[in-house]
Amino acid sequence: MGSVTVRAPAKINLQLAVGGRRPDGYHELATVFHAVSLYDDVTATEAATLQVTVGGDREIPFDGVPRDDSNLAARAAIALAEHAGLEPEVHLHIHKGIPLAGGMAGGSADAAAALVACDALWGTGLSRAELHTLATTLGSDVPFALMGGTAVGLGRGELLTPALARGRFEWVLALSDEGLSTAEVYAECDRLRGRRVLPEPRVSDALMAAVRAGDAHALGPALRNDLQPAACSLRPGLRQILDIGDEYGALGSVVSGSGPTVALLARGTEHALDLAVALGASGACQSVKRASGPATAARAVEGSAARRV
Ligand code: ATP
């Protein structure tokens, strides 16, 4: 039986500037995506029909992941099969290492991984550009999971430009067991803003300079998320996590995407360990993970290439 496993990274947003709501209902964004070393693995195996099974790391509650065609990985397989004129005859097993509804685009990572895995399994041989186009139809964050690294996203986040980035950044991620709905966080953001006239969202020059230089001390104060007030309004406990970051010397702390994951930027690996211990002991979050970035894009795990019998 042929089988391919593809590993795709989680993302955090170093900056998420949110403009007004567009006529199509989406908000205009200017964001800086940053892939971090927290991964989901999707294994695609030949099967008679489309089937989804899910497992995961001990700390990641994954019961809420859909097992039907609404799963983003299943939707990716269906989209690729339609594009190639095939039937989506595949068993997708998803191993979650990315928290659910955590603002880290785990579902999008699974969609990107499923595209790459099924493309290899079925030998459809799509170009990067074709995969990107399919990814765009699946969700705003899916193209970035195919690209990895650090990238600027405009539009809904799908218009991507890779960013020049040097060095590695060490992150501590404060995870919550209960996710936040992206739609609810945007609605809360609109409510808090009221009728304010919004400037066009743009990425910060200071942040991009810090990324280019690999300068964590400059990056920390430049981290910014326009959805943070809304996420904190819906989940007031997040403020405590941000305060702990300040107290224990994080270079900066920011809610990731629509939350509730909070990313704290450490001074280095040892400081990351100290921060993780302080956060764990505080009881302010359910679990803590360390990760570094930028991480690489969705790609096949070595030795898992499709073998046909
Ligand atoms: P984003 O940062 O892109 O807004 P998120 O990280 O907050 O996303 P996800 O974990 O991607 O949230 O999933 C949000 C919802 O999407 C889940 O609650 C679940 O119902 C649904 N979903 C569909 N497919 C998947 C998948 N493969 N993994 C996780 N959730 C999925």
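Predicted model: local features only at pLDDT ≥ 70, side-chain atom pairs only at ≥ 80, totals over all residues.
**Overall fold of the chain.** Ten helices and twelve strands form the secondary structure of the chain. Its radius of gyration is 19 Å, close to the 19 Å that the globule rule gives for 309 residues, so the chain is as compact as a globular protein of that length. Taken along the principal axes, the box filled by the C-alpha atoms is roughly 60 × 45 × 35 Å.

**Interior and surface of the chain.** Of the 309 residues, 55% are buried, and the accessible surface comes to about 13,400 Å², with 51% of that area belonging to carbon and sulfur atoms. Among the contacts between residues at least 6 apart in sequence, 76% join residues at least 24 apart.

Helix α9 spans residues 238–247, and its residues L238, I241, L242, I244 and G245 are buried. These residues lie on the same side of α9 because they cover an arc of only 155 degrees around the axis. Their cover includes the strands β7 (169–175), β9 (252–255) and β10 (262–265), together with the helices α8 (228–234) and α10 (269–282).

**Close-up of helix α9, opposite face and the residue that follows.** The exposed residues D246 and E247 are carried on the face of α9 that is turned away from its buried side. After α9 comes G249, which has a positive phi, near 80 degrees.

Key. Residues numbered from 1 in each chain as written. Heavy atoms only, no water. Helix = DSSP H or I, 4+ residues; strand = E, 2+ residues; numbered from the N terminus. Rg over C-alpha atoms; globule rule 2.2 N^0.38 Å. Buried < 20%, exposed > 50% of the residue type's maximum accessible area, 1.4 Å probe, protein only. Contact = heavy atoms within 4.5 Å. Areas by Shrake-Rupley, 256 points an atom, 1.4 Å probe, with all protein chains shown as cover. Arc of directions from axis to C-beta.
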